Amino acid sequence: MTSVAKPGTARTERPGWLWMAVTDTVDVTWRNLLSMARTPQVLLFSLIQPVLFVLLFRYAFGGAIKIPGIPYIDYLMPGIFAQTVAFGALGTAVGLSTDVRSGLLERFRTLPMSRLAILAGRTFADLARNLVVLLFMVGMGFAVGFRIHAGVPAFLGALGLVVLFGYALSWAFVSLGLRLSNPEAAQAAGVPIMFLLVFASSAFVPLSTMPGWLQTVAGHQPLTALVAALRPLVLGGPTASYVLVSLAWSGGMLVVFVALALRQYQSLNR
Amino acid sequence: MADNPVIVARGLQKKYGSTVALDGLSFDVPAGSVTGLLGPNGSGKTTTVAIFSTSLRPQGGEATVCGFDVVSQAAEVRRQIGFAGQFAAVDPNLTGRENLRLIGRLSRLSRPTARQRCDELLEVFGLTAAAGRTVRTYSGGMRRRLDIAAALVHQPPVLFLDEPTTGLDPESRRQVWQMVGDLVRGGSTMLLTTQYLEEADALADQVVIIDRGRLIEQGTPHALRQRVGTAVVRLTFGDENSAVKAERMLAGSSPERHGATLQIPGAEGSSAVVRVIRALDGGPDPVAVEIREPTLDDVFLSLTSKALIGKSAGGAT
């Protein structure tokens, strides 16, 4: 017992803040990934929803939606990719509120660790999960008839845009997760936001089919901007300006929401 | 007051909205000793511990650990302390070993040191056999032990434990007590909160009783017991009616009634029994008569009821 009980004999390190932020982020990310891997039902649930949407729009509704010049599935899949990562971002809120409830977040806040790492480790792990789900959806898309028309590099670029958007959106959900100590509440609060983002957009149908006021709303939000950049990357056509607009949205969201999340985190000790 | 207090609270203030959690709380914990922070629910115990463990900022007053201010030198304070909150704060999806190593790494241990410390702690806390299982499969007592082990992983000289045995079965509680005793013999300084007076009695060198965020009383468990008197006479009646009747007949000795039992504090030894029985002559007969040492429960009840009636609760140390 003596070696365990005797205080102050363990050698602790005093790294600089940047190195500490890096190693702590790695450790926290690893912990979140491990935790995720051991709850496969969570991954399963995050797959079911986009899979159902593909089936629904491909076979049930798709026949009624006519997009001139291209098969609906090729129009649909970029929207599904965007929707997939958007709903994946909810996982950030759910994951953090789980840690709030278990007291783990409070413990982290009493450790001599990087403050940034707790949030970065969460969002990086969610990024990894998003990537897995996204790749699964790509496979599923090809299985039900989706084809790319603008080459593999453009398609990989499209996936990169999707992942960046999902990552930026994760940070938007950090504040929600920190505020709620109940994962179910975090989920319930996030879903309506997601529905607005996904359905008031051009993810599933062209904006031109919507009433004028909705076109205005849907035409000026980040998910529409993302889908607008994905379609030419998948279907062909001029891309540069759309890609830049989407990058600007995602970059702007990242800056704003990281700042808000850190401020929210700092104020937890009030 | 001790010469070299390690944990110092000076006039701590904290409000949540309009609810006052701490109202000018001051106390010291001398080096190498255990202080039990005692009080009913909502008295400010958890808030106090949260302030010392740097997860909450006081709105007024000053709190220091090893001379470091918990607000302006929070990073240094975090290196000195181990903290175990009210709920076992571990990841249920990681194994016991993974949890400990994570906390070890985040407490700035090198990878090999963290590995070695975790193995030691798992051994001491009787978790070696379960170390490779996810915490989800642990009993409440095992989780609690792991949680306290996590607070010790970087061998901090100062420990804060918030209700370390709440919700544990008697056997697990005894194990936690044993661990706390070992830690203190090893030289740790500790502040632990509890609702169990028995626990403070068993573990603490000093008891700080608080109510509504203010200090009510401070002293050794022994000194506090002395204040109530040397014995408590406890009468049990066959039914509540008889107890109520007896309560009236003994009104002069300030009895306290719980259901069918009466407790008469402040009495001196066995002569008290004779006096009480005489006073009950012609009244209901108790089915059991007991004399016992006063516990801190008795102290607590007498002190808080006094404090609630009196305007000034005697906040000065």
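Guide: Axes are lines fitted to C-alpha atoms, for helices over the stretch in contact, and angles run from 0 to 180 degrees between N-to-C directions. Helices are DSSP runs (H or I, at least four residues), strands too (E, at least two), numbered from the N terminus. This is a predicted model: local features need pLDDT of at least 70, side-chain atom pairs count only at pLDDT 80 or more, and totals for chains, interfaces and linings use all residues. Residues are numbered from 1 along each chain as its sequence is written, and chains are lettered from A and ligands numbered from 1 in the order in which they are written.

Visitor: Why are α6(A) and α7(A) called oblique to each other?

Guide: Their axes come within 9 Å and cross at roughly 140°. Under 35 degrees is roughly parallel, over 145 roughly antiparallel, 65 to 115 roughly perpendicular, and the rest oblique. The pair is therefore oblique.

Visitor: What makes up the contact of α6(A) with α7(A), by class?

Guide: Ten nonpolar, four polar and one charged residues. Ala, Val, Leu, Ile, Met, Phe, Trp, Tyr, Cys and Pro count as nonpolar, Asp, Glu, Lys and Arg as charged, the others, Gly among them, as polar.

Visitor: How do you know which residues of chain A are in contact with chain B?

Guide: Two residues are in contact if their C-beta atoms, placed from the backbone, lie within 7 Å. By that test, 32 residues of chain A are in contact with 41 residues of chain B. On the chain A side, α2(A) gives the largest share, five residues. That side has ten nonpolar, eleven polar and eleven charged residues.
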